[in-house]
Amino acid sequence: MRKTIEIDENFKPVNILDDMKKGDEVMIPYERKRMNAIKMAVSRKNRDYRLMNRKSVIDIAYRVSKVANEGYITVKRMA
């Protein structure tokens, strides 16, 4: 499912990632600081996912892209 997220004072990247299910795609308005925060949260989530032995070392659960949709950060849950 594809969703666009509205940014408000309660926005937290970790909450967005926790609510995602396999195959979900979330679009968040682009901002450089926000992109870095989301990339770090995704990196931690992927690391935790691998440490729980759900995936092999090279596989990832989440992907982040800023070029998939112009003006948006796109986060996709793979597994």
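**Entry 1. K3 and strand β1**

I began with K3, which is partly exposed at a relative accessible area of 35%. I placed K3 in strand β1, residues 2-4. The model I am reading is predicted. Setting aside residues up to four places away in sequence, I found K3 touching E25, V26 and M27. I also looked up the separation of K3 from T74: the two are 71 residues apart in sequence, and their C-alpha atoms lie 9.7 Å apart in space.

**Entry 2. Confidence**

I checked the confidence values before going further. The protein averages a pLDDT of 90, and 94% of the residues score at least 70. Among the elements, β2 has the highest mean pLDDT, at 96, and α2 the lowest, at 92. I kept one caution in view: where pLDDT is low, predicted coordinates should not be read in detail.

**Entry 3. E25 in β2**

I turned next to E25, one of the residues that K3 touches. E25 sits in strand β2. Is E25 buried or exposed? I noted E25 as buried, because its relative accessible area is 16%, and the limit for that class is under 20%. Beyond its neighbours within four places in sequence, E25 is in contact with M1, R2, K3, M20, N69, T74, V75 and K76.

**Entry 4. T74 in β4**

I followed the contact from E25 to T74. T74 belongs to strand β4, residues 72-77. With a relative accessible area of 5%, T74 is buried. Its contacts, not counting residues up to four places away in sequence, are E25, V26, M27, R63, V64, S65, A68 and N69. Which side chain makes a polar contact with that of T74? I found N69, at 3.0 Å. I also recorded the pair T74 and M27, which are 47 residues apart in sequence but 4.6 Å apart in space between C-alpha atoms.

**Entry 5. The largest nonpolar core**

I then looked up the largest nonpolar core, which holds 17 residues. The members that touch the most other members are L17, I28, I38, Y62 and V75. Elements supplying at least two residues each are α1 (13-19), β2 (25-29), α2 (32-51) and β4. Which element gives the most to this core? The answer is α2, with five residues. I took I38 for a closer look and found it touching F11, P13, I28, V64, I73 and V75, not counting residues up to four places away in sequence.

**Entry 6. Helix α2 as a whole**

I examined α2 along its length. The helix has 20 residues and spans 29 Å from its first C-alpha to its last, close to the 28 Å expected at 1.5 Å a residue. Its buried residues are R34, M35, I38, A41, V42, N46 and Y49. Why do I place them on the same side of α2? They cover an arc of only 140° around the axis, and therefore fall on one side. Cover for these buried residues includes α1, β2, β3 (62-65) and β4. On the face turned away from the buried side I noted the exposed residues R32, K33 and L51. After α2 comes N53, with a positive phi near 60°.

R34 counts as buried because its relative accessibility is 16%, and the class takes in values under 20%. What does the side chain of R34 reach at 2.6 Å? I found the backbone oxygen of P29. Apart from residues up to four places away in sequence, R34 touches I7, F11, I28, P29 and I73.

**Entry 7. A41 and V14**

A41 is buried, at a relative accessible area of 3%. Leaving aside neighbours within four places in sequence, A41 is in contact with P13, V14 and L17. I recorded the distance from A41 to N15 as 10.0 Å between C-alpha atoms, across 26 residues of sequence. V14 belongs to helix α1. With a relative accessible area of 38%, V14 is partly exposed. V14 and M40 are likewise listed here: they are 26 residues apart in sequence and 9.9 Å apart in space, C-alpha to C-alpha.

Definitions and conventions
Residues numbered from 1 in each chain as written. Predicted model: local features only at pLDDT ≥ 70, side-chain atom pairs only at ≥ 80, totals over all residues. Heavy atoms only, no water. Helix = DSSP H or I, 4+ residues; strand = E, 2+ residues; numbered from the N terminus. Buried < 20%, exposed > 50% of the residue type's maximum accessible area, 1.4 Å probe, protein only. Contact = heavy atoms within 4.5 Å. Polar contact = N/O pair within 3.5 Å; in protein donor to acceptor, adjacent residues only side chain to side chain. Core = buried A, V, L, I, M, F, W, Y, C linked by side-chain atoms within 4.5 Å. Expected span 1.5 Å × (residues − 1). Arc of directions from axis to C-beta. pLDDT = per-residue confidence, 0-100.
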